[in-house]
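Here is a short report on one protein model. Keep the structure in view as you read.

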Amino acid sequence: MEVIIAKDYETLSRQAATIIAAQIIGRPDSVLGLATGSTPVGTYKHLVALYREGIIDFSRVKTFNLDEYYGVAPDNPCSYRWFMEENLFKHINILPENTYIPNGLAQDTAAECREYEEKIHRAGGIDLQLLGIGGNGHIGFNEPSDNFQSATHLVDLDPQTIEANSRFFASPDQVPRQALSMGIKSIMAARRIILLANGKAKARAVYEMIRGPITPELPASVLQLHPQAAVIIDQEAAALL
Ligand code: F6R
């Protein structure tokens, strides 16, 4: 696992955007795995700037997001579909039909998860997966558990995740209790992974991910086994290394 310590969040975001831009230039029909949350917002801003400068073209790019809240409609401002439209998609020339996010309103969640995996497979697999990390070490919404959940599945969110994500909702009881998330196997199948983390609230999880044992109790620790995983962190997130 390559570890890159960036001076600050701005530098981290620029470095991540540079890696993604290089991927797109090298392969214009790249398949990207994307994350939501606070961490990648700066990266998306830099990608939008690179697009506006004419340096990258998203017209042949496909994207698959890690997750979506269960029971939340795409036009709900708390949905991850909404987040992606606001922070990236509406600012670039990606084709709407090339942006995939699990359907939070699916009646048959098992079928939705199966089809999501099939879509990734039909697209040729994910070339570059962008990840954040939860304070409890989750990636996607793969929460600490006693096994590495494999494919896309319906998850019960951890109380710590509900609490952490309540900042995006009017109150903690409005945070959905479940989500559809790509699994550890789906994430590990990506040809290349970059995980971003900033701020001291992530320092413990970052330490455990890099230096701790590989265990489903700290889901991100599985990235130690990925041959092409890079972790880009700011100095606060690197504080315990
Ligand atoms: C988001 C996701 C989550 C977040 C993680 C960190 O799609 O899958 O794993 O990456 O919860 O969230 P932030 O960046 O808000 O600290």
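## The sheet

Strand S2 (residues 31-34) pairs with strand S6 (residues 128-131) in the parallel sense, over two bridges. Leu32 stands opposite Leu128 in S6. This is a predicted model. Strands of a sheet pair through backbone hydrogen bonds, either parallel or antiparallel.

S2 and S6 belong to an open sheet of seven strands. The order is S1-S10-S9-S6-S2-S3-S5, and the pairing is parallel. Which strands stand at the edges? They are S1 and strand S5 (99-100). Each has a single partner strand, so one side of each is left without a neighbour in the sheet.

## A helix against the strands

Now turn to helix H7, residues 203-211. Its buried residues are Ala203, Ala205, Val206, Met209 and Ile210. Buried here means under 20% relative accessible area. Look down the axis of H7: the buried residues fall within an arc of 165°, so they line one face of the helix.

What do the buried residues of H7 pack against? They pack against three strands of the sheet: strand S1 (2-6), strand S9 (192-197) and strand S10 (229-234). S1 is also one of the two edge strands.

## The largest pocket

The largest pocket has a volume of about 540 Å³. It is lined by 27 residues. Closest to its centre are Ile133, Gly134, His138, Asn165 and Lys202.

Which helix gives the most to this lining? Helix H5 (residues 159-165) does, with four residues. Sorted by class, the lining of the largest pocket holds nine nonpolar, 15 polar and three charged residues.

## The second largest pocket

The second largest pocket has a volume of about 200 Å³. Its lining includes Glu117, Ile120 and His121. Gly125, Ile126 and Ala151 line it too.

H4 gives the largest share, three residues. By class, the lining of the second largest pocket divides into four nonpolar, three polar and three charged residues.

Technical notes. Residues numbered from 1 in each chain as written. Predicted model: local features only at pLDDT ≥ 70, side-chain atom pairs only at ≥ 80, totals over all residues. Heavy atoms only, no water. Buried < 20%, exposed > 50% of the residue type's maximum accessible area, 1.4 Å probe, protein only. Arc of directions from axis to C-beta. Contact = heavy atoms within 4.5 Å. 1 Å grid on protein atoms, 1.4 Å probe; cavity = no way out; pocket = protein on both sides within 12 Å on 5 of 7 lines; lining within 4 Å. Points joined across faces, edges and corners; volume = space filled by probe spheres on them. Nonpolar A, V, L, I, M, F, W, Y, C, P; charged D, E, K, R; others polar. Pairing = 2+ DSSP bridges.
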